[in-house]
Amino acid sequence: MIRSALMNVMTAAAIKAGRGLKRDFGEVENLQVSVKGPGDFVSAADKKSEQTLFEELLKARPGYGFVMEEGGTVEGADKSHTWHIDPLDGTTNFLHGLPLFAISIGLEREGVIVAGVIYNPATDDMFFAERGQGAYLNNHRLRVAARRDLGDALVSCGIPPLGSAAIHPRFKTEFAATLARAGNLRRLGAAALDLAYVAAGRFDAYWERGVKSWDVAAGIVLVREAGGFVSDADGGDKALTGRSICAGNEHMHRHLLAVLRDAG
Ligand code: IPD
Ligand code: CA
């Protein structure tokens, strides 16, 4: 398959930043045994990755704006294009030496995500999609899973950490309701990969509350281009900005939304 100029820009930026993350990930293992732990080292790795992505994308598309996990919002001269960037999604996994993390780059045009790249440097999995052009993992076209019955589904979720205690009660009721209906559940620890795995048919569905635009931007276009459905976790159209997400094939998305609604 031939990648567009835009895809080349996005994947090249992800590969460049990913090279640094992969090197740093190798160091993290050594730091587990130090009393101080790898915390500061990981936060430096995160910032370095973001700086590389920022420089590369700015060079290639000078007018576009940025919404970044670390650096916040940077306005561009071109008000219709914004990058949503997570330089290290799955920070906790990275910190603990688990190879489930990714760089996530989504491009928003006039409120719609038109292109996304999710790259895991530890496995060299490059997920990418452009609106109207399909979704891919490396050179393979992606399709969401075909299962229809929630009882057969592997459903992924996000578990709010200690610092997000305000959303723990709702998570508990939603988790209990899903546990009672779905085949089984998983918690991966990287929202971008959760969505990429739905696009790849590995997960049948995924939901999470408390996500930000940089966690989900790229994944939204990936799932849709793989034939799946994405909304916020209340079934609305605020998947990008509404701080919650629900994704799956047409059937699983509908079933999971119904379970979440009944749980609420
Ligand atoms: C987090 C991960 C995690 C999800 C959180 C995100 P970070 O991003 O994607 O899986 O549950 O909502 O904030 O902090 O690792 O970039
Ligand atoms: Ca993230």
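The model is predicted, so local features need pLDDT of at least 70 and side-chain atom pairs count only at pLDDT 80 or more, while totals for chains, interfaces and linings use all residues. Residues are numbered from 1 along each chain as its sequence is written, chains are lettered from A and ligands numbered from 1 in the order in which they are written, and side-chain values use heavy atoms, with hydrogens and water left out.

The backbone at Asn138 has a positive phi, near 50°, in a residue other than glycine. Asn138 sits in the loop between strand E7 (134-137) and strand E8 (140-141); strands (E, at least two residues) and helices (H or I, at least four) are DSSP runs numbered from the N terminus. Glu110 is another non-glycine residue with a positive phi, of about 50°. Its place is the loop that joins strand E4 (102-109) to strand E5 (112-120). Glu110 counts as exposed because its relative accessibility is 61%.

Now to the whole chain. It holds seven helices and 13 strands. Its radius of gyration is 18 Å, close to the 18 Å that the globule rule gives for 264 residues, so the chain is as compact as a globular protein of that length; the radius is taken over C-alpha atoms, and the rule is 2.2 Å times the number of residues to the power 0.38. The C-alpha trace spans about 50 × 45 × 35 Å along its principal axes. Of the 264 residues, 53% are buried. Among contacts (heavy atoms within 4.5 Å) with a separation of 6 or more, 61% join residues 24 or more positions apart.

The accessible surface comes to about 11900 Å², and 52% of it belongs to carbon and sulfur atoms; the areas come from the Shrake-Rupley method with a 1.4 Å probe. The chain has 30 positive and 32 negative charges, whose mean positions are 2 Å apart. Lys and Arg count as positive and Asp and Glu as negative, with His and the chain ends not counted; each charge is placed at NZ of Lys, CZ of Arg, CG of Asp or CD of Glu.

Asp86 (OD), Asp89 (OD) and Asp215 (OD) coordinate the calcium ion (ligand 2) at 2.1 to 2.3 Å. Along the chain these donors follow the spacing D-x2-D-x125-D. Donors are N, O and S atoms within 2.8 Å of the metal (3.2 Å for Na, K and Ca), and water is not among the atoms, so sites may look incomplete. Both Asp86 and Asp89 are buried.

Two further residues show local surroundings. Glu208 lies in strand E11 (residues 205-209) and is buried because its relative accessible area is 12%. Beyond its neighbours within four places in sequence, Glu208 is in contact with Gly158, Ala191, Ser244 and Ile245. Glu208 and Ala233, 25 residues apart in sequence, are 7.1 Å apart in space, C-alpha to C-alpha.

Leu100 belongs to the loop between helix H3 (91-95) and E4. With 24% relative accessibility, Leu100 counts as partly exposed. Apart from neighbours within four places in sequence, the contacts of Leu100 include Gly90, Asn93, Leu188 and Tyr197.

Notes. Buried means under 20% relative accessible area, exposed over 50%, partly exposed in between (1.4 Å probe, protein chains only).
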